[in-house]
Amino acid sequence: MQLVAIGLNHNSAPVEIREQLAFADSQVDACLQALVGPFELGEATILSTCNRSEIYAVCVGDDGGDRVRQFLSAERGLDVERLRPCLYELNGSDVATHLFRVACGIDSLVIGESQILGQVRASLETAQKSNSARLLLNEVFQRALKIGKRARTETDIGRGHLSISTAAVELAGRIFDRLDGKSALLLGAGEMMTLTAQYLVDSGIGRMIVANRTPERAAALAAAFAGEAMSLDEFPQHVHAVDIVISSTSAPDFVIHTDMVRGAMGQRRGRPLFIIDIAVPRDVDPAVRELDNVFLFDIDDLEQVVQSNQKEREQEIGKVEALVEAEHAEFTHWLSALDAGPLIKAMRDQAELLRQEELQRWTSRLAHLSEDDRATVEAVLRGYANKLLHEPSVQIKELASAGDGYLGLDVIRRIFNLDGRNRS
């Protein structure tokens, strides 16, 4: 019984290689059935994201990695040997350490990103539905989900935002403390603005207006977030009524000028106006920054926020690694309990402990016995325990040699409560 993982990621392979081994959601179930069927792996899960494709498997023997590579070759019609320099292979408890780091976000392109935790969960759920994740992979993935959550609650690995869109919303939150009930005007309706709109809604923005040169695109984006839409020509007369203006158009010249903002501020009666310019070339005249109660940030300001957040997250990696190391030690202990030798020893140790406890309980009633008689009683109890455990020990050894015997060993471990849980 061996744990094995074969994969590639943003560090080991360029995108043109990664996309050849990517698995669409609709393909995963059939691939899992092939892995545990024709390729005779005991268990299998597939974790496939935009930056990684990894197959986790359980195999009897030492050829699990070869079987996974054979599957990839057959499934994708590729010369996997040609891809070998891009593939990494992990075995045993190293598989767990790797998955723990992945779930914590410290093996991601964007350190500490949270999306990967949901992807790990979805990978496990798909494998469970396919009955390809049983005892071992279920255990290691459940532990990965636990440690991934701990990393984000007990450290600052996920602190701050690492994209221009999220940094923009983060800055808005710093200016206004909170965005609940605030209003925003978005100039532009491209992909960047769509992401920004989502983050604003997630942060509790109260009112959202979308202005775009193409009214249909403004209407589509506004409808997606229960906002209002208008043409780009109309927006100047609404600047005074919002708290935040975020601009990302493709205009060749400034679309927000000093006089426009000065006029809007005259109607705001001292209330601050937050303007974020994420366009290249810039949409906002830099002179706007000189106006009282106007806070203007451009793309360079946002990139500094992103870099600062990245450094803060990198400083947290050591704390996360400590959590991973502790979880790895616990998993290794759990894994060793599935082997026949340690399992038999644990079972016999428990029997000896119970024997001693029983003798101690009967000490007062055995006080009249001679030393020889007491030794005889102890020997009888020890012999009885050995006879009682003989047949289970034989069955454990037989199970250990079976392909999926580790499942039976886990049942025995639970029957005898060798984890020490709920013992009265």
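**Largest pocket.** I looked up the lining of the largest pocket and got 28 residues, with Val110, Glu113, Ser114, Gln115 and Tyr199 lying nearest its centre. On a 1 Å grid over the protein atoms alone, a pocket is an open set of points with protein on both sides within 12 Å along at least five of seven lines; a lining residue has an atom within 4 Å of a point. I noted about 630 Å³ of space in this pocket. Volume here is the space filled by probe spheres set on the points, with grid points joined across faces, edges and corners.

Which elements supply at least two residues each to that lining? I found α6 (115-129), α8 (164-176) and α9 (191-202). Helices (H or I, at least four residues) and strands (E, at least two) are DSSP runs numbered from the N terminus. By type, I wrote down nine nonpolar, 14 polar and five charged lining residues. Ala, Val, Leu, Ile, Met, Phe, Trp, Tyr, Cys and Pro count as nonpolar, Asp, Glu, Lys and Arg as charged, and the others, Gly among them, as polar.

**Where this comes from.** I'm working on a predicted model, where local features need pLDDT of at least 70 and side-chain atom pairs pLDDT 80 or more, while totals for chains, interfaces and linings use all residues. Residues are numbered from 1 along each chain as its sequence is written, and side-chain values use heavy atoms, leaving out hydrogens and water.

**Cavity.** I found one cavity of 30 Å³ or more, a cavity being a set of points where a 1.4 Å probe fits but cannot get out. The largest cavity holds about 60 Å³. Its lining includes Ile6, Phe23, Glu54 and Leu87. β1 (2-9), β3 (52-59) and α3 (64-76) give two or more residues each to that lining.

Is β10 (residues 294-298) mostly covered or open? Mostly covered: four of its five residues are buried, meaning under 20% relative accessible area with a 1.4 Å probe, protein chains only. Strand β9 (residues 273-277) runs parallel to β10, and five bridges join them; DSSP must find at least two for a pair. I spotted Ile275 opposite Leu296 in β10.

**Whole chain.** I counted 16 helices and 10 strands. The radius of gyration is 31 Å, well over the 22 Å that the globule rule gives for 424 residues, so the chain is more spread out than a compact globule. That radius is taken over C-alpha atoms, and the rule is 2.2 Å times the number of residues to the power 0.38. Of the 424 residues, 47% count as buried.

Note on methods
Buried means under 20% relative accessible area, exposed over 50%, partly exposed in between (1.4 Å probe, protein chains only).
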